[in-house]
Amino acid sequence: MADSPASFFVPTLDIDLAWHTHQLMAKEYQNDCATLVGRYVDHDNKVEEGHLATAFDITC
């Protein structure tokens, strides 16, 4: 994500679960985003199914 800031990545279900869990620790999540990605990574659940499927294939 740090190397491709304009890309839209879709994680596998297990990674998505870890992502949601990480967000429960808001301060740590914010700090980790800044350190690892250089920006806050928003988790948008309101994405069209077709876009999700295509982006998931590209992510894989």
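# A guided visit to the model

Visitor: Of the contacts in the protein chain between residues at least 6 apart in sequence, what share joins residues at least 24 apart?
Guide: Let's start with the word itself: a contact means heavy atoms within 4.5 Å. Taking the contacts between residues at least 6 apart in sequence, the share that joins residues at least 24 apart is 54%.

Visitor: What kind of model is this?
Guide: Residues are numbered from 1 along each chain as its sequence is written, and side-chain values use heavy atoms, with hydrogens and water left out. Local features need pLDDT of at least 70, side-chain atom pairs count only at pLDDT 80 or more, and totals for chains, interfaces and linings use all residues, as this model is predicted.

Visitor: In what order do the elements of the protein chain run?
Guide: Helices (H or I, at least four residues) and strands (E, at least two) are DSSP runs, numbered from the N terminus. The protein chain has 3 helices and 0 strands. Read from the N terminus on, the order is α-α-α.

Visitor: How much of the accessible surface belongs to carbon and sulfur atoms?
Guide: The C-alpha atoms fill a box of roughly 35 × 25 × 20 Å along the principal axes. Accessible areas come from the Shrake-Rupley method with a 1.4 Å probe, and for residues only the protein chains shown count as cover. The accessible surface of the chain is about 4700 Å², and the part belonging to carbon and sulfur atoms is 59%.

Visitor: What percentage of the residues in the protein chain is buried?
Guide: Buried means under 20% relative accessible area, exposed means over 50%, and partly exposed lies in between (1.4 Å probe, protein chains only). Of the 60 residues in the chain, the buried part is 17%.

Visitor: Which residues make up the largest nonpolar core?
Guide: A nonpolar core is a set of buried Ala, Val, Leu, Ile, Met, Phe, Trp, Tyr and Cys residues joined through side-chain atoms within 4.5 Å. The largest one here has 5 residues: Trp19, Tyr29, Cys33, Val37 and Val41.

Visitor: Which residues does Arg39 touch, leaving aside neighbours within four places in sequence?
Guide: Arg39 sits in the loop between α2 and α3, and its relative accessibility of 30% is why it counts as partly exposed. Its C-alpha atom is 8.3 Å from that of Ala2, although the two are 37 residues apart along the chain. With those sequence neighbours left aside, the contacts of Arg39 are Met1, Pro5, Cys33 and Ala34.

Visitor: Is Leu17 buried or exposed?
Guide: Leu17 has its place in helix α1, and its C-alpha atom is 22 Å from that of Pro5, 12 residues apart along the chain. Because its relative accessibility is 58%, Leu17 counts as exposed.

Visitor: How far apart are the C-alpha atoms of Cys60 and Asp14?
Guide: Cys60 belongs to the segment after α3, whereas Asp14 lies in helix α1. Cys60 is exposed, with a relative accessible area of 69%, and Asp14 counts as exposed at 56%. Along the chain the two are 46 residues apart, and their C-alpha separation is 14 Å.

Visitor: Which residues lie nearest the centre of the largest pocket?
Guide: On a 1 Å grid over the protein atoms alone, a cavity is a set of points where a 1.4 Å probe fits but cannot get out, while a pocket is an open set with protein on both sides within 12 Å along at least five of seven lines; lining residues have an atom within 4 Å of a point. α1 (13-23) and α3 (49-59) each supply at least two residues of this pocket's lining. Of its 21 lining residues, those nearest the centre are Phe8, Phe9, Pro11, Trp19 and Asp44.

Visitor: What is the volume of the largest pocket?
Guide: Grid points are joined across faces, edges and corners, and a volume is the space filled by probe spheres set on the points. Worked out in this way, the volume of the largest pocket is about 430 Å³.

Visitor: Which element gives the largest share of the lining of the second largest pocket?
Guide: The second largest pocket has a volume of about 300 Å³. Among its 14 lining residues, Met1, Trp19, Tyr29, Val37 and Val41 are the closest to its centre. Two or more lining residues come from each of α1 and α2 (26-36). The largest share, 4 residues, comes from α2.
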